[in-house]
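Me: I'm new to this one. Can we go through it piece by piece?

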Amino acid sequence: MSNHILRPCLRAVTTPLNATSFSTTASSAFTRLNRDRSKLRGVSALRRSPKKIALAAAKFPLPEPVKLEDHKDKLEVNPDHGLWGFFADKKALPTPLEDSEHGRAWTVEELRAKSWEDLHKLWWVCAKELNIMLTQRIERERLKPGEGAHEARRRAMQIKNTQRGIKHALTERYYAWQEAQAIAATDPDVDLSGDRPAYSPKDFEEETPDVSSTAPAQTPAPPMGKPTTL
Amino acid sequence: MKFGTKQVFLPNFSIGLLRKPHLPPNFVQFIVPLNLNKLDLKDYLYHAYGVECLSVRSYIEQQKIQYSKPHLINKRLEWYRPRAIKKMTVELKEPFIYPEEPENLAPWGKDRVEQAEKTNREYQEGFSPDAKKKPSPVRSKLRDRMVYFESMQNSGKVQTESIEVEKELNV
């Protein structure tokens, strides 16, 4: 009776072609034979490398994440998605010619006539347009396509000038209101407390001049209202 | 503050959308101002763009120290650290994919710009101390000219023999 250890067959397993496995080598048959019998392999005091420990989790391979490129055809982006507001014409980057097609900024004269609601709406239109320009700037710095930065800067300048004009008009209005407040404090006709009407003039008398032909030309001048200090 | 109750008038900042190919379609990343918070961004996206967010995460990137740009007044170049960049990743209710890159970069004149940069670089390299050790680009261009000239001569279209123009006058 021999004490030899039973070893798996070393001959290549020949499976018939109509079998499930197409491999002619059973790799699991060789791992036990060719295992690393040195348990202190790689352990070094100088390099402070530890002993190799077999992890149970190594038996289960990690799942591969799904790649976007493979499934891009299936994905449909909603054409009315709010984030399209960060792009012009749903494009990543405009050409320099497309970017240079813009008008001038609003002038302060034009903006003075607008109400607060209109000015605030215009401000938000400018803010959203600047968001588009920032998105394009980031993409342009990444792509480095050549030209286009100059045209984009010019366009952004017009938008910022419009915003500046809006603030200018609003500041002017605020200063006028502040001055009016100061005048109202000294003016006896004006009462901003809220109890009585705001403007109640006392010394204003309306006297129409005599228009008869016999009456002399000298007529007393109608008394003027209180002169304003504006 | 409750969602939607914070009133903001004349906001003076911009938000940029980043292209992130490795993020799934229901995630999108923005560059935001440094003093904006997650709640503000959620509010902003909903009220300005009608985009609903499920969650927002943010992080701040410190920038590398760099030399200041040359200035007319203060000519001394100084090291400075540019302002940090704040980025926020938003989980969307509805997916969104960043539009594709332009295929043909000809409208942006990439070839022209690259050629100009190459010419500039070669000119600058001509001033370096070991420029004379390297073969100058002019020599290669001369070689090209010689090749062209020889090919023209051999083609027979160019006149190689000299023709006497002056005529002898018998006065």
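Me: How do strands E1 and E2 of chain B pair, in the parallel or antiparallel sense, and over how many bridges?
Reply: Strand E1 (residues 16-18) of chain B and E2(B) pair in the antiparallel sense over 3 bridges. Strands here are DSSP runs of type E with at least two residues, while helices are H or I runs of at least four, both numbered from the N terminus. Two strands pair if DSSP finds at least two bridges between them. This is a predicted model, in which local features need pLDDT of at least 70, side-chain atom pairs count only at pLDDT 80 or more, and totals for chains, interfaces and linings use all residues. Residues are numbered from 1 along each chain as its sequence is written, chains are lettered from A and ligands numbered from 1 in the order in which they are written, and side-chain values use heavy atoms, with hydrogens and water left out.

Me: Which residue is the bridge partner of Leu17(B)?
Reply: Phe30(B), in E2(B).

Me: And what does E2(B) do with strand E6 of chain B?
Reply: E2(B) pairs with E6 (residues 85-92) in the antiparallel sense, over 6 bridges. There, Ile31(B) stands opposite Lys87(B) of E6(B).

Me: How many residues of E2(B) are buried?
Reply: 5 of the 6 residues in E2 (27-32) are buried. Buried means under 20% relative accessible area, exposed over 50%, and partly exposed in between (1.4 Å probe, protein chains only).

Me: Back to Lys87(B): which residue forms a salt bridge with it?
Reply: Glu61(B), with the closest N and O atoms 3.2 Å apart. The pair links distant parts of the chain, since Glu61(B) is in strand E3 (residues 53-61) and Lys87(B) in E6, 26 residues apart. A salt bridge is a side-chain nitrogen of Lys or Arg within 4 Å of a carboxyl oxygen of Asp or Glu.

Me: Is Lys87(B) buried or exposed?
Reply: Lys87(B) counts as buried because its relative accessibility is 11%. Glu61(B) is partly exposed, at 28%.

Me: How many salt bridges are there over all chains?
Reply: A search of the whole structure finds 19.

Me: Which one is in helix H4 of chain A?
Reply: One of them joins Arg137(A) and Glu141(A), at 3.5 Å from N to O. Both lie in H4 (residues 116-143), 4 residues apart, about one turn of the helix.

Me: What about Asp36(A)?
Reply: Asp36(A) forms a salt bridge with Arg41(A), the closest N and O atoms being 2.9 Å apart. Asp36(A) is partly exposed, with a relative accessible area of 37%, and Arg41(A) is also partly exposed, at 46%.
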